[in-house]
Amino acid sequence: MLRYSSGRRIIFGLPAWRRVQQKTRPPSYTPGAQLLRPSQASSVCTLLGPSSSSRCRSLGPAVWMAPRLCHGDSRDASEKGGDGKGFSMRALTQAPKPALYLGFSGLVPFLSGPLFMAATQSFYPEVAYAQMVYGASIVSFLGGARWGFAIPAGSPAKPDWMNLGNSVVPSLLAWLALLCRDNITEGALVVIMGLGLSLHYDLSVLPGYPTWFRAMRTVLTLVATFSLVATLLLKKVCVERKLKEMEK
């Protein structure tokens, strides 16, 4: 530190008031700026000489805080979903409103049957068969959705044997379920198998669907499966009746 006759003090070649201003000035972060590691920052200070050592100390928080800001941005980007196989239920907030409303309204035929039979404490084969037929149509629809997703140019799912071949399997299982008209239990089990197999394809085997769709598919498949299981339990517990008996 040097002192002149004017009484103005100079700290390492800088006026004292300017030095205080540099200390209190908040650090600014430029998004496109290149970040320095601590080792690089120390080497820069060595090249600049002892006069800049005190100024280099103020770079410490910027060197360590800027990577934290960048890591925070990467975490936010990963939470929004991507092309990976993982997903979060929070991705449902990113789902388009039509897909969300139509998807969850499609659970009404699954839930109305077992709720009606539970309220009447009776098992109606016609109601259970209608639920099973609706489940078979949904299984076939899921296979067709995969086929349609792989056909357009530029789609992440290529129209190869893996995608197109596996998209036919749910339709075949739905056809087998419809053949079980006289045995509701077997038909419901085939539908449950088709729902689970389609979900496994969409989550693990066949890539391409966005995270919000995979999250919605998981919720819808679980609710539909539990509704079919509830129907099978009602068949074991409740008395079997015909809908024609209610009209009498």
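**Figure 1. The whole chain, to get your bearings.** A contact here means heavy atoms within 4.5 Å. This is a predicted model, and among its contacts between residues at least 6 apart in sequence, 72% join residues at least 24 apart. The chain has eleven helices and five strands. Buried residues make up 34% of its 248 residues. The accessible surface comes to about 16000 Å², with 65% of that belonging to carbon and sulfur atoms.

**Figure 2. A close look at S122 and its neighbours.** You'll find S122 in strand β4, which covers residues 122-123. S122 is buried, with a relative accessible area of 1%. Leaving aside residues up to four places away in sequence, S122 touches M117, C238, V239 and R241. With R241 there is also a polar contact of 3.5 Å between the two side chains. A polar atom of the S122 side chain also sits 3.2 Å from the backbone oxygen of T120.

**Figure 3. R146 meets D202.** Side chains of opposite charge can pair when their charged atoms come close. Here R146 and D202 form a salt bridge, at 3.5 Å from N to O. The pair links distant parts of the chain, 56 residues apart: R146 belongs to helix α7 (residues 125-150) and D202 to helix α9 (residues 184-205). Both R146 and D202 are buried.

**Figure 4. R217 joins in.** The side chain of R217 makes a salt bridge with D202 too, at 2.9 Å from N to O. R217 lies in helix α10 (residues 211-237) and D202 in helix α9, so this pair ties together parts 15 residues apart in sequence. R217 is buried, with a relative accessible area of 5%, and for D202 the value is 8%. Put together, R146, D202 and R217 are linked in a salt-bridge network.

How values were computed:
Residues are numbered from 1 along each chain as its sequence is written. This is a predicted model: local features need pLDDT of at least 70, side-chain atom pairs count only at pLDDT 80 or more; totals for chains, interfaces and linings use all residues. Side-chain values use heavy atoms; hydrogens and water are left out. Helices (H or I, at least four residues) and strands (E, at least two) are DSSP runs, numbered from the N terminus. Buried means under 20% relative accessible area, exposed over 50%, partly exposed in between (1.4 Å probe, protein chains only). A polar contact is a pair of N or O atoms within 3.5 Å; within protein, one must be able to donate a hydrogen and the other to accept it, and residues adjacent in sequence count only if both atoms are side-chain atoms. Accessible areas come from the Shrake-Rupley method with a 1.4 Å probe; for residues, only the protein chains shown count as cover. A salt bridge is a side-chain nitrogen of Lys or Arg within 4 Å of a carboxyl oxygen of Asp or Glu.
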